[in-house]
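Dear colleague,

Please find the structure below.

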Amino acid sequence: MKRGLITWDKSEIPPDVFARRVEAVRRVLAELDLPALTVYSDLWRSNQARFFSNYMPYFNRALLIIPREAPATLLCGLSPRVYGWIRSVTTIEDVRPAGNFAKPLFELAAERNWSRIGLLDFDQFPYDIYKALRSGSVVPVNVESSALFSPADDETELAMRRKAAALATEILEQEIPRGVGLVDYHFVGTLERRLRRAGAEDLIVLLTNGGTVPAPASGATLEEDLSVSIALEYRGHWIRMSRTHGSPDSTSMTTSERLDTVYPYEPGTGKITAAHHEYIHNGKRLFRGDTIV
């Protein structure tokens, strides 16, 4: 659950960063002879719309439309009472009710005489929206995200993820030694409080005393071979990290997750990857891992 109010600190991400990213989109649209690109967004698939506009919903769905020769429009499933907030924390000025998404998109296309429109990774849209957009008079054209969305090649994106990793590293390395002997619920509460006050908007904390892989708190007392694994979102930028209080000997297994796709993280390796290493020490399973480029 996202409990932090999403903000936009323009000293961290200046407006010209988004302008540069949108210009790259418009160059591709010109090459493909498309008048606009539509980007789907929801709670779990907010990376792409966030990358182009800083819009990242804490619930509900949206379509971000980036025209080739006009400012962006957001078709938003949220209540109109938050439209002012959306305008204050994104580059978007034109926010409209989403309805069923297809009808307002077709109306916008009719206003601007668009007969075709690009859709970023259209085959990954939710089925109801996909089906509705296929049934209209505007021809949908799939645009692969590899042509437009490459977080690992964007220095601002990497700087924000480095900041997320730095704050997580500092707090974990301070708190893990203090966690031994505590009930895991209390320890997770301490991490939640410190990490959220440091700016984390979304956070998942898993733990183990060395008998299993990290899992949610269950009321156990934490022991010397404690390991902690977290997924943390800072200003919409995700990192994964694991740290242990034990003393790792040799790696027995490494697993990986991608953090450079439409989702916050998913199995596999990419240009931005979370590498998790499992070690065995005196029969205990210890875990350590970082997000790497």
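A crossing is called left-handed if the near helix is turned anticlockwise from the far one by less than a right angle, and right-handed if clockwise. Helices (H or I, at least four residues) and strands (E, at least two) are DSSP runs, numbered from the N terminus.

This is a predicted model, in which local features need pLDDT of at least 70 and side-chain atom pairs count only at pLDDT 80 or more, while totals for chains, interfaces and linings use all residues. Residues are numbered from 1 along each chain as its sequence is written, and side-chain values use heavy atoms, with hydrogens and water left out.

The pair α6 and α7

In these terms, α6 passes α7 in a right-handed crossing. Their axes (lines fitted to C-alpha atoms, for helices over the stretch in contact, with angles from 0 to 180 degrees between N-to-C directions) come within 11 Å and cross at roughly 155°. That makes α6 roughly antiparallel to α7, a label for angles over 145 degrees.

Contact here means heavy atoms within 4.5 Å. On the α6 side the residues include Leu167, Ile171, Leu172 and Ile176, which meet Phe187, Thr190, Leu191, Arg194 and Leu195 in α7. By class, this contact has 8 nonpolar, 3 polar and 3 charged residues; Ala, Val, Leu, Ile, Met, Phe, Trp, Tyr, Cys and Pro count as nonpolar, Asp, Glu, Lys and Arg as charged, and the others, Gly among them, as polar.

Helix α7 itself covers residues 184-197 and reaches 20 Å from its first C-alpha to its last, close to the 20 Å expected (1.5 Å times one less than its number of residues). Its buried residues (under 20% relative accessible area, with a 1.4 Å probe and protein chains only) include Asp184, Val188 and Glu192. They pack against α6 (155-179), β7 (200-208) and β8 (227-234). Just after α7, Gly199 takes a positive phi of about 125°.

Helix α1

With 18 residues (15-32), α1 reaches 26 Å, close to the 26 Å expected. Among the buried residues of α1 are Val17, Phe18, Arg21 and Arg26, and their cover includes β1 (36-41), α2 (47-53), β2 and α6. Asp33, which follows α1, has a positive phi near 55°.

Ala72

Ala72 lies in the loop between β2 (62-67) and β3 (73-76). Its relative accessible area is 22%, so Ala72 is partly exposed, that is, between 20% and 50%. Leaving aside residues up to four places away in sequence, Ala72 touches Leu64, Ile65, Pro67, Ile92 and Asp94.

Yours sincerely

Conventions. Parallel < 35°, antiparallel > 145°, perpendicular 65-115°, else oblique.
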